[in-house]
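Visitor: Could you walk me through how the chains in this model meet?

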Amino acid sequence: MPAELTCRAVPVDDAAKGKTYPPHEYEVGKEKIREYALAVGEQSPVHFDRERARAEGFRDIPAPPMFAVVYSAGAVGPAVLDPEVGINFAMMVHGGQEFEWGEPVCAGDTITTEASVKDIYERGGMGFYVFESVSRNQDGQEVVRGTWTNIVRGG
Amino acid sequence: MKVQLEVTPDKYLPHRYAGASGDFNPIHIDQEFARQVGLPSNILHGLYSMAQVARACTQAAGGDPRSLRRLSVQFRGMGFPEQEMTVSGKEREGGEGTVILELVAEQGGKKIIKNAEAELQGL
């Protein structure tokens, strides 16, 4: 018998599919928005100037859309790290990301995010671990829905 | 509608992004550690690169963060500090007040984000 010729597929256990995690609360601060906006090179004055933000119809300084990663991380992190999900971190890469935005997030908001395991499957010898996060503000309005895809390569 | 953005993240950008985002994975901020695990140097956070794609979209829409309704990306390859990143995109379809853009982010001709799709509103 010849030695195994193909790449060994990653054994994928999808028992954690559908699992949900406790909500995570995040209070949005004006200076945290500034820090994030400067780091990613935002130029729009609405992220730095409260008067300007209000003049443009925001309740307060709005967060850049991708600030979603800041308030979602505390909910998604524990799901990704959950031993029941069973990701092999040495072989993991962040393969894809999607955000769908709703109501803008502004300084002073309290954002509550709930994460869940949306899907676990194997394709092309790789394991796909897909997480969903849903974030709402203090009035219950959805502010963002995130889909986080982590890929685990075969060993 | 076309979108174009050039940015060269400086040597310490990954440190500032780590602080801003809370992601202190050493592959992004520690060159020695990155080399020990087989990378050429420390690499950019993928979500920083995605934020550049998002910024290219909102800037093209006049700087209003409400204009970006949806963004999906695939991360491919690695991004590096001290190298120019180019985000470019073009309209795939446009409807009433809504535009769907297809975008890529590249460094030195190598794609670091591909198959990005953005939905912009209120243009």
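Visitor: In E2(B), which residue is the bridge partner of Phe99(A)?

Guide: Welcome! This is a predicted model, where local features need pLDDT of at least 70, side-chain atom pairs count only at pLDDT 80 or more, and totals for chains, interfaces and linings use all residues. Residues are numbered from 1 along each chain as its sequence is written, with chains lettered from A and ligands numbered from 1 in the order in which they are written. Across in E2(B), Phe99(A) has as its bridge partner Leu71(B).

Visitor: How many bridges join E2(A) to strand E2 of chain B?

Guide: Helices (H or I, at least four residues) and strands (E, at least two) are DSSP runs, numbered from the N terminus, and two strands pair if DSSP finds at least two bridges between them. One bridge links Gly96(A) with Gln74(B) of E2(B). E2(A) runs antiparallel to E2(B), residues 68–75, and the number of bridges joining them is five.

Visitor: Which strand of chain A pairs with E2(A) over nine bridges?

Guide: Look at Trp101(A), whose bridge partner in E5(A) is Val144(A). The pairing is antiparallel, and the partner of E2(A) is strand E5, residues 142–152.

Visitor: Which element supplies the largest share of the side of chain A that touches chain B?

Guide: Counting residues as in contact if their C-beta atoms, placed from the backbone, lie within 7 Å, 24 residues of chain A meet 26 residues of chain B. Helix H1 (30–39), helix H3 (68–81) and strand E2 (92–101) of chain A each give at least two residues to that side of chain A. The largest share, eight residues, comes from E2(A).

Key
Contact = placed C-beta atoms within 7 Å.
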